[in-house]
Each structure stands twice: as structure tokens, then as C-alpha cells.
Amino acid sequence: SGVMSALLWWLLAFRLLNALCVNTMYVPDEHWQSTEVAHRMAFGAGHLTWEWVLGLRSGIYPLALAAVFRVASSWLGLAGPWVTVALPALLQSVVAALGDYLVFRLAAKWFDQAVAQAALFLQLSSWFVFFSAPRTLTTSTEATLVCAALYFWPVQPSSAQNVRRAVALATFSLVLRPTSCTSLPPPLKQKGNLKNIAVWYFCCVCWFHVFVFERKNACCCSLCPREKKKRK
């Protein structure tokens, strides 16, 4: 509806302003597990920590940032250190705004409008969310994906389409960060082939992760100077 669209645009503007206000460093992972790896994927230059050399990290998040870098460089002609700082912050602001919106919609679906308004107020007034949401951390993206999965999660009698959406989003968040499984409640048992649909989605998304994203991750790690020295 028009009200929901206006709310989403307002939240996007709020998180963009949020990103402009946050210009400090929080934890090393916001660089070494995201933008640094993405720069390596996009341009072949960047340091990889031991987790990437051993292939312990999922390459989904930095791959998304790498795609943004490549589009900015090849199609828009944007280059320079500011690109690696501003564009990821812009992308994460969009993700954070979607997370805020989904918090509101989830509370309204599971409870009522008054609870949804209170939940959104607490989300926007939280100093830690303001401090961490626009940063390039996989945990921020994980939170948005979990909220999206919970919105469609079959805790009540639900259609097969909603179950497919919930399972796809839950699987994607699980591939991004396995810790997201602790945030998902048990699904409601229903008659029909919903169980088969869920298993099929889990298999497909995990297959896509293993054979596509991890190959990209392996190619990225093979460029590491440490690995080249070992081969010599």
C-alpha cells in the first residue's frame, strides 16, 4: 500500500543518514571479511586472512560487494578509495532499511499494529543498531534475512508459496552464517508435500552455494601470495 511504501522510503532515508553519521571502526571483520576480500575478488588486489586461505568463510557477502565494485568500475567509471568505502555503506544501508521494515511487518503479522509500532520505535532508537547496522558485517545482513524468513515462516497454517519463500530465505541466511539457524522456530506441520518442497529448496540452495560460491571463494584464495609461495 501507499503507507507501507512511504514507510520503506522513510526508513531508507534514515539508514542512509545513519551511514553518513557512522565514520568510525568497530571490529576488524567489517573490512577483513568483507570489503578487503571483495576488492580481491573484483580487482585481484587485497589481503586475505587465514580463514579465506583455508576456505572457512562463505564467499556470498564479499561476492555481492565485488559485483558492486565491478559495476561501478566497468559500467559507471567510478574508481578510487572512496568507492570501496561509500558503495558498501550504501548497499548496507539498503539492507538495514529492509531489516527495519521487516521488523515492523513481522510484528504486525504476529501481533498487532500497536506492537509493530513499538517494535519499530525500539529498532530505530537502539544506539547499537544505529552503530552497527550500516557497517559491512555479515551479521547485519543475516539479521535482515532472518526477519524475512520469519515473515513467511509457517508457524501458522500457510500456503506452499510462503513456505517456499521462507525456506529459500532461511537457507540463504544459513549459508551466509550458520548461526542463523538458532533464530528460526520449528515449522508448523501441515499435510501435503510441503516437507518435500522444503527439502528440495534446502538441497538446491546448498548445491548452488557449494558449486558456485565456494568455487569463486577457492579461486579468490588461490590468488593469495601465501599460497603462491607454498606452491613454489
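First, my angle classes: under 35 degrees counts as roughly parallel, over 145 as roughly antiparallel, 65 to 115 as roughly perpendicular, and the rest as oblique. This is a predicted model, so I took local features only at pLDDT of at least 70 and side-chain atom pairs only at pLDDT 80 or more, while totals for chains, interfaces and linings use all residues. Residues are numbered from 1 along each chain as its sequence is written, and side-chain values use heavy atoms, without hydrogens or water.

Entry one, H4 and H5. I looked up H4 (residues 60-75) against H5 (residues 81-110) and got an angle of about 120°, with the axes 10 Å apart. H4 and H5 are therefore oblique to each other. Their crossing is right-handed (near helix turned clockwise from the far one by less than a right angle). On the H4 side I listed Tyr61, Leu65, Val68, Phe69 and Ala72, which meet H5 residues including Leu87, Pro88 and Leu91 (contact means heavy atoms within 4.5 Å). The residues of this contact divide into nine nonpolar, two polar and no charged.

Entry two, H5 and H8. The axes of H5 and H8 (residues 138-152) come within 9 Å and cross at roughly 30°. That makes H5 and H8 roughly parallel to each other. The crossing of H5 and H8 is left-handed, with the near helix turned anticlockwise. Among the H5 residues here are Arg105, Lys109 and Trp110, and the H8 residues they meet as a group include Cys147, Tyr151 and Phe152. By class, I have eleven nonpolar, five polar and two charged residues in the contact of H5 with H8.

Methods
Axes fitted to C-alpha atoms, helices over the stretch in contact; angles between N-to-C directions. Helix = DSSP H or I, 4+ residues; strand = E, 2+ residues; numbered from the N terminus. Nonpolar A, V, L, I, M, F, W, Y, C, P; charged D, E, K, R; others polar.
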